[in-house]
Amino acid sequence: MLYLNHVATTQFEGRRWTLPAQVFAAPLELYTGLPLSRAQLAAELERLGYKRSERLERPGTYRFKDTHLEVALRPARFADEARHAGILSIAFGNEGIAGLTEAAGQEVPVLRLEPLLIGSIFPIHGEDRLIVTPDEVPPLLPATLKAVEDRKFDSHYGVDPLAMMRALWVNVRAGQIEQGGSTLTQQLVRSYFLSSRQTLARKLKEAVMAMSLDAHFSKADLMNAYINEIFLGQDGDRAIHGFGLASEFYFGKPLAELDLSEIALLVAIVRGPSYYDPRRHPERARERRDLVLKVMSEQKIVKAEEAYAAAQRPLGVTPRPSGTYYPAYLDFVRRTLRRDYHDEDLTEAGLRIYTSLDPRAQEEAEHALEQELARLDRLKKHPNSALEGAVVVTTPPSGEVIAIVGGRNVGYDGFDRALDARRSMGSLVKPFIYLTALESGRYNAATIIDDAPIDLKLANGQHWRPENFTRQTYGPVPVVRALAESLNLATVGVGMEVGLPRISETLARFGLEQPPAQVPAMLLGAVNLTPLEAAQLFNGLANGGFKNPLRAVRAVISADGKPLKAFPLEVTPVASPEAVYELDRMLIEVMERGTGRPARAILPQSLVVAGKSGTSSDYRDSWFAGFSGAHLAVVWVGYDNNDPTGFTGASGALPVWARIMSGLGTRSWSAPIPDGIAEVHIEYLTGLRAVPACASDIVEVAVPADAPIPAKRGCGLPEEASPVRIGAERAAQPPGGLVH
Amino acid sequence: MVSLARSALPVVILALGLSACSVFRAPATPTAAGGAQTAETPSGTARPSPEIPAAPTPAPPAPAPPPHHQFQLGPAASALVAQSHTQAKGGDTAQAGATLERALRIEPDNPLLWIELGRLQLQENNAAQADAMGRKALALASGDASAQASAWRLIADSLRVRGRNQEAADAERRAASFAPH
């Protein structure tokens with residue numbers, strides 16, 4: 001007895017819920033010129049749980065007024081500062097946001113919406129919660145809990161003997177334990193200290209401990225503990241504890257903003273979170289909610305009319321658990337932090353982790369992958385296995401990862417293909433071969449290379465005879481075409497001439513951590529990497545030859561608001577900006593006339609993008625990596641068991657990629673032409689300088705301004721090899737020099 | 001190592017040569033060397049730049065900034081830069097950096113922001129990052145002599161604090177070639 005008293009009071013005294021780290025998405029920055037329509041802003045607010053209300057009566061509401069949108073902002077905490085609640089008026093023009101004004105008429109140059117809670121890092125036993133302080137609890141909640149669960153809470157000594165006797169009587173008659181009759185304090189004890197087995201001995205223990213808690217602590221303290229402790233739902237491995245998290249989980253908004261019918265529903269759920277699960281059993285949940293409303297009215301907590309009106313309302317739960325969990329993204333966050341933190345720090349210390357996840361991009365990526373894989377599955381002969389896929393989206397200049405999809409079943413916290421599927425990169429390697437070639441100074445986009453049969457005797461005495469995808473050879477072709485059409489033989493020729501060690505070194509500079517085996521098959525992409533690693537490599541191409549370590553976490557803040565760790569922007573120059581510019585212009589031609597062309601049917605017509613497809617041998621892996629002026633996306637499609645898919649990069653991954661790019665509302669690739677680089681029109685098939693009057697298929701390429709490029713006869717162009725020579729700075733290349 | 005952008009003069013000559021053979025679109029950046037000289041197109045050989053070639057789809061040429069212009073900060077980025085200055089003055093360089101990154105997310109292609117961030121890195125004795133950011137700024141700054149000069153000065157300073165005086169002097173000279181005297 002004394003022992004129980006001791007256990008109850010000391011443990012409860014030093015009570016500290018283990019607080020899983022909370023993970024937040026990137027906040028949306030609002031500023032004049034942001035291309036966001038009023039409807040889009042409203043959707044973003046809805047995602048944060050804001051409700052449209054003409055009266056704008058409390059934080060968490062917004063309304064349309066004339067052409068403006070007015071929002072009553074909640075207070076918000078960011079990694080670096082806090083913002084007070086307040087009214088903000090947003091004006092819109094043709095280009096998006098035209099101005100932001102505070103209630104006092106003050107213009108605001110830039111303002112962040114609060115970041116969306118996207119998950120938490122909870123321990124193995126799965127208890128997740130979001131602690132609320134008494135001032136964050138609507139007064140109606142404790143009143144309702146008392147009315148429904150424990151009417152004598154304010155006066156009893158931790159147990160309610162009369163209620164217990166009544167329960168005992170019912171149980172004896174039924175021959176088994178059925179009815180609780182427990183006070184809120186007893187329920188708290190049960191949840192906090194004891195297992196959930198229903199035995200008489202346990203009941204007694206529970207009663208003793210409840211009484212000692214009641215003797216030592218105030219009623220207000222106990223009520224607050226109850227509100228934060230109690231179990232209110234299950235989401236896979238994750239147990240939803242406390243009303244703070246339950247409010248986010250069921251309604252997608254803070255507890256303080258719940259209305260009467262929503263509070264009644266949460267109190268209804270207390271009795272049986274699984275039985276009264278409002279998503280799975282809406283009928284039962286509704287019936288019990290209405291019962292709770294009736295009790296509230298009887299107990300004069302609310303007026304009868306109010307209770308009646310609330311009972312007419314729908315349940316109001318979000319279709320999917322909000323704070324929608326993004327397991328693949330959280331996986332990356334967890335791995336990033338594991339380098340600096342112990343598991344307990346993450347699952348218990350109440351850290352706030354601010355990430356760069358963009359919920360809109362994440363949703364686009366999830367939908368695109370889900371829908372395209374379903375379509376591709378229908379085209380397949382494999383009736384019994386489903387294609388899988390993975391997506392990584394970044395913003396290249398910052399190196400921030402804004403979306404990760406680890407598989408088509410996005411809510412499933414299982415095998416994360418974006419981070420763990422190491423697959424053959426296929427032709428994704430080609431841009432790095434040509435970049436190495438451009439950097440050597442011996443090649444440019446118009447250089448003629450030979451697409452001819454290759455027979456290489458390997459170290460082991462075997463012969464390697466690669467083939468083109470079409471099993472044809474194309475003879476002399478300009479570099480721009482060899483890359484656009486992903487010609488294997490021409491590329492192997494260039495790669496062998498440039499040298500495997502240099503290509504391997506280029507890959508390493510761009511961020512490939514495990515150096516590939518330096519065998520000729522490497523030139524056709526016999527290099528295994530994960531979609532995230534592919535994104536790291538291509539991010540450098542999208543960022544003009546600057547590498548940023550890809551990152552998801554911006555900052556980690558302690559429970560009491562101190563900055564603990566930041567992952568600031570880092571850039572490292574890893575290639576000549578001129579060569580990267582020349583290469584990027586060729587990657588645009590991949591999209592215009594090469595393997596990326598099918599994307600044109602999906603992409604907005606004027607959007608300039610650059611990219612490269614990849615197909616591994618026997619169609620086992622279908623890749624597409626490409627970028628616009630603001631985003632990079634890498635898509636992988638294949639089977640988990642490495643079976644052939646029958647899809648090329650262009651037929652499998654490309655449509656997923658194109659859908660994502662279209663949905664992102666991204667902007668065209670553009671970069672200033674580096675000094676010393678010139679644009680020149682050449683004939684796509686011959687690589688000769690030409691003008692439209694004398695050639696049918698002309699492509700514009702970027703080359704070193706002093707590069708010697710012979711002109712096509714009959715075009716009225718001087719036939720000299722080089723338009724201009726500047727000293728002997730760059731050795732003239734023999735025109736049309738074939739490289740084997 | 002990164003090959004540096006070449007000095008301005010050959011480019012001017014180049015623009016001459018290119019227009020002479022008239023298949024090239026004049027490079028978008030006949031750099032404002034000293035802000036004064038501009039390549040003159042020899043009359044008689046000038047032709048309108050070729051029509052968009054009859055490609056399978058019209059290849060939209062990547063829009064490059066006009067040859068001469070000056071980068072400026074938009075109101076949002078400008079407010080954030082001011083805020084970051086206040087934070088840096090108060091000794092909170094980490095916050096100042098985070099605030100500049102906010103600005104950079106809004107205007108990622110603005111070299112002025114990369115220069116700001118590089119200057120902050122220099123204050124934090126992170127010369128290698130300052131250098132890299134200067135080079136990133138430089139790659140974006142084509143056509144803006146004053147931004148190019150600032151980027152070179154940042155690179156020069158980042159070299160100097162690492163004792164690479166020869167290279168620093170060279171970078172300083174490049175800065176001077178852009179800056180109005």
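## Chain B: helices

Let's start with chain B, which has seven helices and zero strands. Follow chain B along its sequence and you get the pattern α-α-α-α-α-α-α. Keep in mind that this is a predicted model.

How much of chain B is buried? Of its 181 residues, 45% count as buried. As for contacts in chain B with a separation of 6 or more, 51% of them come from residues 24 or more positions apart.

## A sheet in chain A

Now over to chain A, where five strands make an open sheet with mixed pairing, in the order β3-β4-β5-β8-β9. At the edges sit β3 (51-52) and β9 (96-102) of chain A, each pairing on one side only.

Strand β8 (residues 86-93) of chain A teams up with β9(A) in the antiparallel sense, over six bridges. One bridge to look for links A:G93 with its partner A:G96 in β9(A). Helix α2 (residues 38-47) of chain A packs on the sheet and touches β4 (61-65), β5 (68-73) and β8 of chain A. The direction of this helix makes about 15° with that of β5(A).

Next, find helix α3 (residues 140-149) and helix α9 (residues 260-270), both of chain A: their axes come within 10 Å and cross at roughly 45°. The crossing is right-handed.

Residues making the contact include A:L140 and A:L141 of α3(A), plus A:L260 and A:I263 of α9(A). By class, this contact has nine nonpolar, one polar and one charged residues.

Technical notes: Residues are numbered from 1 along each chain as its sequence is written. Chains are lettered from A and ligands numbered from 1 in the order in which they are written. This is a predicted model: local features need pLDDT of at least 70, side-chain atom pairs count only at pLDDT 80 or more; totals for chains, interfaces and linings use all residues. Two strands pair if DSSP finds at least two bridges between them. Helices (H or I, at least four residues) and strands (E, at least two) are DSSP runs, numbered from the N terminus. Two residues are in contact if their C-beta atoms, placed from the backbone, lie within 7 Å. Axes are lines fitted to C-alpha atoms, for helices over the stretch in contact, and angles run from 0 to 180 degrees between N-to-C directions. A residue is buried if 20 or more other C-beta atoms lie within 10 Å of its own, exposed if 12 or fewer, and partly exposed in between; C-beta atoms are placed from the backbone. A crossing is left-handed if the near helix is turned anticlockwise from the far one by less than a right angle, and right-handed if clockwise. Ala, Val, Leu, Ile, Met, Phe, Trp, Tyr, Cys and Pro count as nonpolar, Asp, Glu, Lys and Arg as charged, and the others, Gly among them, as polar.
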